[in-house]
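User: I would like to go through this model with you and ask, for each label, what it rests on.

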Amino acid sequence: MWKSVVSLLARLGLAAVWLISGGVKVADPTQTVVAVRAYQLLPEDLVRPVAAIMPMFEIALGLLLLIGLAVRATAVASAGMLLVLIGVIISVWARGLSIDCGCFGGGGAADVDGWDYAREIARDVGFLALAVWLIVFPRSPFALGPLSRAPLSVGAQQEVTE
């Protein structure tokens, strides 16, 4: 029972992260382009497409988690995305760039230091932990997906099996 409650909290928490992150980027597409460009990892031809697709992908992940559909697959995609984001933050830090990650809006040149990057990485590792939990324990109450749904109580589970 407690695992399904933790899974529900992880699912809703990670859904909120993706919905807020994607929503903020959709609301200010110009700033999202600035943020993607600031990482200096992509050729200029890819900056705008990535800046347009990334928020939509984040919103899709958030919506799937919110309604509880394909939770394990969505958690795997979330973990992959978070590993990429952690990697690019490490890359920026290692290259000595000073930028706001733009993860929740903003982005571009900023006055940041190693502690700022360490906090961003730690935050994303926390989000990654939620995704890993959902990969292992995808079932939670109020999920719409049949492979993602967990009973609300042990009694309900026993009734279903009888």
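User: What covers the buried residues of H3?

Analyst: In this predicted model, the cover over the buried residues of H3 includes H1, H2, helix H4 (71-94) and helix H5 (114-136). The buried residues themselves are Val47, Ala51, Met54, Pro55, Glu58, Leu61, Gly62 and Leu65.

User: How do you know that the length of H3 agrees with its number of residues?

Analyst: H3 has 24 residues, which at 1.5 Å a residue should span 34 Å, and its end C-alpha atoms are 36 Å apart, so the two values agree.

User: Why is Thr32 called buried?

Analyst: Thr32 has a relative accessible area of 5%, and buried means under 20%, so Thr32 is buried. Thr32 is placed in helix H2 (residues 29-38) and, leaving aside neighbours within four places in sequence, is in contact with Lys25, Ala51 and Pro55; Ala51 and Pro55 are among the buried residues of H3.

User: What makes the pair Arg37 and Glu44 a salt bridge?

Analyst: The closest N and O atoms of Arg37 and Glu44 are 2.6 Å apart, and the rule asks for a side-chain nitrogen of Lys or Arg within 4 Å of a carboxyl oxygen of Asp or Glu, so the pair qualifies as a salt bridge. Arg37, at 34% relative accessibility, counts as partly exposed, and so does Glu44 at 46%.

User: Why are Asp116 and Arg119 said to be separated by about one helical turn?

Analyst: They are 3 residues apart in helix H5, which means a separation of about one helical turn. Asp116 and Arg119 form a salt bridge, with their closest N and O atoms 2.4 Å apart.

User: Arg123 and Asp124 also meet in a salt bridge; which of the two is buried, and which is partly exposed?

Analyst: Asp124 has a relative accessible area of 3% and is therefore buried, whereas Arg123, with 25%, is partly exposed. Their side chains meet at 3.1 Å, N to O, and by this rule the count of salt bridges comes to 4.

Definitions and conventions
Residues are numbered from 1 along each chain as its sequence is written. This is a predicted model: local features need pLDDT of at least 70, side-chain atom pairs count only at pLDDT 80 or more; totals for chains, interfaces and linings use all residues. Side-chain values use heavy atoms; hydrogens and water are left out. Helices (H or I, at least four residues) and strands (E, at least two) are DSSP runs, numbered from the N terminus. Buried means under 20% relative accessible area, exposed over 50%, partly exposed in between (1.4 Å probe, protein chains only). Contact means heavy atoms within 4.5 Å. The expected span of a helix is 1.5 Å times one less than its number of residues.
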